[in-house]
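Q: I'm new to this one. Can you walk me through it?

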Amino acid sequence: MEILILGGDGFCGWPTALHLSAHGHTVTIVDSFVRRRIDDELGVRSLTPIRPIGERLEAWDSLTGNEIDLAEMDLSEDYSSLRDLLARKRPAAVVHFAEQRAAPYSMKSPAHKRYTIQNNLAVTHNLLTAVVELGLDTHIVHLGTMGVYGYESVPMDLPEGYLTVSYPDRTGRNHSREILYPTQPGSVYHLSKSLDQLLFQFYANNDGLRITDLHQGIVWGTQTDETALDPRLINRFDYDGDYGTVLNRFLVEAAIGYPLTVHGTGGQTRAFINIRDTVRCIQLAVESGAEVSGRVRVMNQVSETHRVSDLAHLVADLLGAEVGSVSNPRKEAHENQLEVRNDQLVSLGLRPIKLATGLLTESVEIVQKYSDRVDTDRIPCTSYWNRDRQAAAEGETVAHPRQETDENELSVRNHSARRIG
C-alpha cells in the first residue's frame, strides 16, 4: 500500500513510518522539520540524540533494504507542492501527524496560540482540499487527541466520538440525532484538534472522503521494535516543560534526583498509551480503511487511565525518588474521573500494553543512559493558561495585563518550502 506520513520525522510519525515500512507498505515521509527548529527556539534538545533525517533514512535502508522516500515542504503554506505530491503518488492512505502537538507550547504567548491554530488548521484543510480536487479515494488517518473530550468529572465511559441526543420539536415530539461528542478543549492545541473534527465531518458529508480520526491518549515509552534496531534510528524523548509528557518528565526527574513535579493535587486522571501500541493502532487503522465510508470513523486510541499522583508514586517507588508539588499552570479541575471506550481498535486486534507489563524499565534504562543530556532549567513548565495561573505560580497578583510581543516571535515560521526527493 502506498502511504504518505505527514509529520513523519516527529515523535509518533518517525516510528510509525518505520513500522509501516517494516510491514510491507511503501512509505513517503512529508515534513518541514519544524519540530527540530522548535528545539532551537526553546533552547532544549531531545534526551535521546536524534540524527539528521538523511542519516536516519540511510540507516533504515541499509538495515532492512526498505527505502523510505522523503518530501520536504511546509504543508500549511505550500498547497501546490502537496497537491503535486498527492497527484504523483496517489496514495491509498495518508497518515496525518503534521500538527503542533504540545498544549503548553500552544499557550506560551499570543504568537504561539496563533501559530498553533494557523498551522494545524491550514495543514488539515489543505490536505482535505487537495484530495477532493484530485478526486482521490485516499483514506485519511488523523492523529487526534483525547483532550477534545475535556476531562469528565462524572462516572461514565467516554464513547468513541459520537453521542446520541434526544430533543423536542415545537410540537413537543421527541427526535433523536447522533452528534459529535461535545468538545471541551483545555488548550489552544486541543481547540485546534476540536476544530479538525468539524472539517472532517464536513468533507466526509459533502465530498464522501474516507476519514479515521484517532483520539489518542498521552504516549509513554520511546522505542519500538524498529527504532531499537540501531542507535541511528532512536526515537525522540522529550522531557521539557513544553513538550515533555508527564510520565517522561517524572522518569527524567527521578533519574537525576530532581523532585517529581506533580501539578497541583495530582488528582487529574489521564489516558495513556505506549508508543508501541501507537504504531500498531495506526497500522490497524490504515489496513482497515475499506471499512470506512459515510461518517468519520472515530476511535479512542488508549490503553488505560491513571491519576497523575498515582503515576508519580509508581515512579518514586521504582527509582527511589521524592514526590514534589508545584502550582498547576493549567486551568482545570483539581481532580476528575476518566474511563474510556476503545472497543473498535480492540476488535481489530489491539492487545493493549499496560504500565504493569514491565516495559517501563526500558524507559528507565534510556533515561539513565542519557541523563548527562538533561538541562534542569528546561524541566519546569513556564507556559501558563491564563494570568491567574501565572500569578499563583509567582505568588503574586497580576494587577495589569502583561504586554506581549505578537509579531516576529516565532522563528519556526521563517523557512522556505522545498522538496527533497
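Q: What does aspartate 242 touch, not counting residues up to four places away in sequence?
A: Aspartate 242 touches Leu42, Ala102, Pro104, Tyr105, Lys108 and Ser383. Keep in mind that this is a predicted model.

Q: Where is aspartate 242 found?
A: Look in the loop between S10 and H8.

Q: Is aspartate 242 buried or exposed?
A: Buried. Its relative accessible area is 10%, and the cut-off for buried is under 20%.

Q: How far apart are the C-alpha atoms of aspartate 242 and alanine 102?
A: They are separated by 6.5 Å. Along the chain, the two residues are 140 residues apart.

Q: OK, aromatics next. How many aromatic pairs are there?
A: The count comes to 3 aromatic pairs. One of them joins tyrosine 105 and tyrosine 243. The ring centres are 5.6 Å apart and the planes stand at 50°, so this pair is tilted.

Q: Which parts of the chain does that pair link?
A: Distant ones. Tyrosine 105 is in helix H5, residues 103–106. Tyrosine 243 is in the loop between strand S10 (218–220) and helix H8 (246–255). They are 138 residues apart.

Q: Are tyrosine 105 and tyrosine 243 buried or exposed?
A: Both are buried.

Q: What lies over the face of tyrosine 243?
A: Arginine 35, at 3.7 Å from the ring centre. Tyrosine 162 has an arginine over its face as well: arginine 295, at 4.1 Å from the ring centre.

Q: Back to pairs. What kind of aromatic pair do phenylalanine 202 and tyrosine 203 form?
A: An edge-to-face one. Centre to centre it spans 5.2 Å, with 85° between the planes.

Q: What does phenylalanine 202 count as, and at what relative accessibility?
A: Phenylalanine 202 counts as partly exposed, at 46% relative accessibility. Tyrosine 203 counts as buried, at 11%.

Q: In what sense do S1 and strand S2 pair?
A: Parallel, over 5 bridges. S2 runs over residues 26–31. Isoleucine 5 has isoleucine 29 in S2 as its bridge partner.

Q: What do S1, helix H1 and S2 make?
A: A right-handed β-α-β unit. H1 spans residues 13–22.

Q: And over how many bridges do S1 and strand S4 pair?
A: Over 4 bridges, in the parallel sense. S4 is residues 93–96. Isoleucine 3 stands opposite alanine 93 there.

Q: New topic. Where is the place of glutamine 283?
A: In helix H9, residues 275–287. Glutamine 283 counts as buried, at 5% relative accessibility. Leaving aside neighbours within four places in sequence, glutamine 283 is in contact with His19, Leu20 and His23.

Q: Last thing, confidence. What pLDDT does the protein chain average?
A: The average is 91, and 93% of the residues score at least 70. Over residues 396–409, though, pLDDT is below 50. That stretch has 17 contacts in the model beyond near neighbours in sequence.

Q: How many contacts beyond four places in sequence does the model have for residues 411–421?
A: It has 30, and pLDDT stays under 50 there. Where pLDDT is low, the predicted coordinates should not be read in detail.

Terms used
Residues are numbered from 1 along each chain as its sequence is written. This is a predicted model: local features need pLDDT of at least 70, side-chain atom pairs count only at pLDDT 80 or more; totals for chains, interfaces and linings use all residues. Side-chain values use heavy atoms; hydrogens and water are left out. Rings of Phe, Tyr and Trp (its six-membered ring) pair if their centres lie within 6.5 Å; planes under 30 degrees apart count as stacked, over 60 as edge-to-face and the rest as tilted. Helices (H or I, at least four residues) and strands (E, at least two) are DSSP runs, numbered from the N terminus. Buried means under 20% relative accessible area, exposed over 50%, partly exposed in between (1.4 Å probe, protein chains only). A charge sits over a ring if NZ of Lys or CZ of Arg is within 6 Å of the ring centre and within 35 degrees of the ring normal. Two strands pair if DSSP finds at least two bridges between them. A crossover is right-handed if, with the strands pointing away from the viewer, the path from the first strand over the helix to the second runs clockwise. pLDDT is the predictor's confidence in each residue, from 0 to 100. Contact means heavy atoms within 4.5 Å.
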